[in-house]
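Hi,

Here is the structure I said I would pass on. Have a look at it first, and then read my notes below.

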Amino acid sequence: MPLPKAELHLHIEGTLEPELAFRLAARNGVVLPYADTEALREAYLFKDLQSFLNLYYELMTVLRTEQDFEDLANAYLARAAAQGVRHAEIFFDPQAHIARGVPMRTIVEGLWRALGRSTENHGMSTRLIMCFLRDESADSALETLEAARPHLDRIIGVGLDSAEVGHPPAKFREVYEMAADLGLRRVAHAGEEGPPAYITEALDLLGVERVDHGLRCMEDPDLVARLVRERIPLTLCPLSNVRLRAVDVLAEHPLRAMLEAGLLCTVNSDDPAYFGGYVADNYHAVRDALGLTKEQMRELARNSFRASFLEDDEDLRSR
Ligand code: ES4
Ligand code: ZN
């Protein structure tokens, strides 16, 4: 039995497996520039975040209808449930779809057709977090929040993702303020490729309650002390860090040092179809590479529920 856990850093578009991508491409008459799934898999050698994002945005063009988003989410839920996930807080990137003419309603309602049934079908609770693309303008983010307003019964929070360097959190101060006024929870990617100062900005200017990645906090001891003191959760994604070359090899991943420093670390899969593993695969990989103890593995699972946006009475662990 896999350890019951919550997954808090998961891009639903990053769960698009090659087989499903080709199936949806055929269904929608989209031509992908790869002969077959094998040729596509050969493109999965990334040199940094941007080289991954190029493929990620290219492949997601097969997603067009409510049915596509429902199929995508159901495929993720089945895999996650099999890996012990009892609760998932799921990111989606509306701007990447709206720019191609897919309406917000199609995206949200399509995902909801799967997520609204995740408890009965997979024994999992789920939440949706809408991410702004930080390499798009602040105005575009504001328009996206406006487009989401009729759907806020389905969306619990906002996040910030895509190309980090050169797009500091400060750029999105106003839209995060509006999100807070609408009662939305706030998270942001920071310190994945960007400097530790972006983590501080996300906390101070955007009011985030949780930092996605946050890996580079380890370069700033004062920041580590603050994250420990304020119990700010970090959603780490170890296999992602290796594939995108944030760390050279898993054995050099700072996760163990971060746990020992008292940081509230969680382990997540980020874009599992691209990075070679779902969440339990990430847990097992860090256990083996870093020699984590059973107690540290349990700590990671416990942290995942603590860091979640579930209320205490919604916790599905013991059900
Ligand atoms: C992402 Cl790994 C990663 N980093 C930033 N933005 C993203 N969007 C999807 N995956
Ligand atoms: Zn991410």
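Leu133 has Asp161 in β4 as its bridge partner. That pair belongs to the β3–β4 contact, where the two strands run parallel and five bridges join them. Before you go further, bear in mind that this is a predicted model.

Staying with β4 for a moment: all five of its five residues are buried, so I'd call the strand mostly covered, going by the cut-off of 20 or more other C-beta atoms within 10 Å. Gly157, Gly159 and Asp161 point one way from β4, while Val158 and Leu160 point the other way. On its other pairing, β4 (residues 157-161) meets β5 (residues 185-190), again in the parallel sense, over two bridges. There, Val158 stands opposite Arg186 in β5.

Zooming out, these strands are part of an open sheet of eight, ordered β1-β2-β3-β4-β5-β6-β7-β8, with parallel pairing. β1 (5-11) and β8 (264-267) are the edge strands, each pairing on one side only. From one strand to the next, the twist averages 25°.

Further along the sheet, β6 (residues 210-213) and β7 are parallel partners over two bridges, and Asp212 sits opposite Thr235 in β7. β7 is covered on both faces: Pro233 and Thr235 are buried on one side, Leu234 and Leu236 on the other.

Now the helices. α9 (residues 173-181) lies across β3 (125-133), β4 and β5, and it runs at about 150° to β5. α16 (residues 294-306) also packs on the sheet, where it touches β1, β7 (233-236) and β8. The direction of α16 makes about 100° with that of β8.

What about the ligand? Ligand 1 has these residues around it: His11, Gly14, Leu49, Tyr56, Asp161, Ser162, His189, Glu192, Ser240, Asp270 and Asp271.

Which residues does Ile12 contact, leaving aside its neighbours within four places in sequence? They are Leu72, Ala73, Tyr76, Ile90, Phe91, Phe92 and Leu111.

Glu260 is in helix α13 (residues 255-260), and it counts as exposed because it has 10 C-beta neighbours inside 10 Å. From Glu260 to Leu236 is 24 residues in sequence and 15 Å in space, C-alpha to C-alpha. Leu236 itself is one of the buried residues of β7.

The other spot is Gly277, in the loop between α14 (272-275) and α15 (279-290). With 19 other C-beta atoms within 10 Å, Gly277 is partly exposed. Beyond four places in sequence, Gly277 is in contact with Leu239, Ser269, Pro272, Asn282 and Ala285. Gly277 and Arg64 are 213 residues apart in sequence, and their C-alpha atoms are 26 Å apart in space.

Cheers

Methods. Residues are numbered from 1 along each chain as its sequence is written. Chains are lettered from A and ligands numbered from 1 in the order in which they are written. This is a predicted model: local features need pLDDT of at least 70, side-chain atom pairs count only at pLDDT 80 or more; totals for chains, interfaces and linings use all residues. A residue is near a molecule or strand if its C-beta atom, placed from the backbone, lies within 6 Å of it. Two strands pair if DSSP finds at least two bridges between them. Helices (H or I, at least four residues) and strands (E, at least two) are DSSP runs, numbered from the N terminus. Axes are lines fitted to C-alpha atoms, for helices over the stretch in contact, and angles run from 0 to 180 degrees between N-to-C directions. Two residues are in contact if their C-beta atoms, placed from the backbone, lie within 7 Å. A residue is buried if 20 or more other C-beta atoms lie within 10 Å of its own, exposed if 12 or fewer, and partly exposed in between; C-beta atoms are placed from the backbone.
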